[in-house]
Amino acid sequence: MDTMVSIHVYAAKPANEPAIHRAMAAAFAEMSRLDSLLSSYRRDSEVAAINQNAAADNVTVSSDMDSVLRVAQWAAQISNGAFDVTLAPVLRLWGFGADSLGLPSPGKIAARLPLVNDQDLVVSSERNSPRRFVHFRRQNMAIDLGGVAKGYVVDRGIAMLVQAGFRDAMITAGGDLRAVASPLTAGRRYIWIKHPRAANSDSAQNQTGAFWGRFKLDAGAVSTSGDYERFFFKDGRRYHHIIDPHTGYPAMLAVSATVITRQAVVADALSTALFVLGPERGIALAESLREADAVIIYADGEKLKWRATQALKNKLEIFHQ
Ligand code: AMP
Ligand code: MG
């Protein structure tokens with residue numbers, strides 16, 4: 001999925017080390033299995049098979065695919081289509097996956113927008129059968145799970161660690177992470193939110209200048225979507241990889257959206273959705289959900305402003321006001 005994944009496992013006894021390494025290896029193996037199913041970067045993935053065949057036929061899908069698509073459809077529904085995995089035909093015009101293709105012509109975008117509609121992606125099952133099918137209602141539709149799959153992969157990795165008996169751990173994958181805590185780390189973990197406009201934030205990891213703020217988290221998932229992850233500039237304007245499905249152009253209302261919730265797959269889909277919705281509608285949506293907190297950073301002229309859910313406001317430590 002074109003990102004770095006790291007696993008941290010905390011244990012009191014060094015004697016556990018071989019078992020920790022076995023559990024980590026099992027978690028990495030599960031995550032690469034899922035990468036080969038869910039990635040848009042691979043021609044042999046399940047996503048590629050669906051995109052090739054689902055307009056013609058019902059395609060039988062794995063239970064992992066079924067789980068991811070159910071979260072995707074839920075996110076599409078509650079966000080009024082701000083999150084939409086059927087955006088793939090438009091995403092391909094922008095080409096942020098590999099090398100950016102530059103600015104697509106407005107005509108091409110307009111021609112592909114009718115293919116973007118979550119309602120035309122049908123996930124069904126037969127009575128008394130565990131099999132799940134995917135079908136596209138229109139020719140030339142395609143799905144891209146880039147906004148939700150990493151979260152699912154992180155959840156599965158954590159499940160493998162917990163199953164092996166390690167209940168104090170964290171997995172990060174780019175902008176997505178999930179942590180579980182025992183008394184060993186409880187009360188001591190900070191999650192740091194990148195400053196969306198920090199100069200070269202990767203090489204400046206240790207300077208608070210690279211970070212916008214932080215909050216404490218023992219257990220749960222955090223996902224951030226930002227316009228600084230994949231982008232190009234043209235004529236002084238920033239074009240980035242999070243597209244508003246209603247326009248086909250990069251969503252302009254936010255510069256970063258961070259969501260905290262229990263499952264990483266939910267946090268992942270919601271952070272992309274809230275980024276598109278922007279500070280007003282995005283935070284209102286987060287407030288309406290049980291167990292979701294969020295902060296959205298947005299630009300007001302040259303200034304960065306922010307809006308957060310009430311519960312998170314009380315926990316946020318902000319470095320740059
Ligand atoms: P994230 O970093 O989780 O916000 O995901 C960004 C990725 O999700 C992009 O690179 C696209 O593959 C995909 N994507 C972009 N815009 C949307 C959208 N509005 N809904 C669903 N997926 C999207
Ligand atoms: Mg996401």
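Which residue of strand 13 does A257 stand opposite? Before I answer, a word on conventions: what we have is a predicted model, in which local features need pLDDT of at least 70 and side-chain atom pairs count only at pLDDT 80 or more, while totals for chains, interfaces and linings use all residues. Residues are numbered from 1 along each chain as its sequence is written, chains are lettered from A and ligands numbered from 1 in the order in which they are written, and side-chain values use heavy atoms, with hydrogens and water left out.

The residue opposite A257 is I296, in strand 13, where strands are DSSP runs of E with at least two residues, numbered from the N terminus. Strand 12 and strand 13 run antiparallel and are joined by 5 bridges, and two strands are said to pair if DSSP finds at least two bridges between them. On strand 14, I296 has R307 as its bridge partner, and strand 14, residues 303-308, is joined to strand 13 by 6 bridges, again antiparallel. In the hairpin of these two strands, with 2 residues between them, G301 takes a positive phi near 65°.

Strand 13 is largely enclosed by the rest of the structure, because 6 of its 8 residues are buried, meaning under 20% relative accessible area with a 1.4 Å probe, protein chains only.

Let me turn to A254, which sits in the loop between strand 11 (237-240) and strand 12 (256-261), and which counts as buried because its relative accessibility is 3%. Neighbours within four places in sequence aside, A254 is in contact with residues including I296, I297 and Y298, contact being heavy atoms within 4.5 Å.

Methods
Helix = DSSP H or I, 4+ residues; strand = E, 2+ residues; numbered from the N terminus. Buried < 20%, exposed > 50% of the residue type's maximum accessible area, 1.4 Å probe, protein only.
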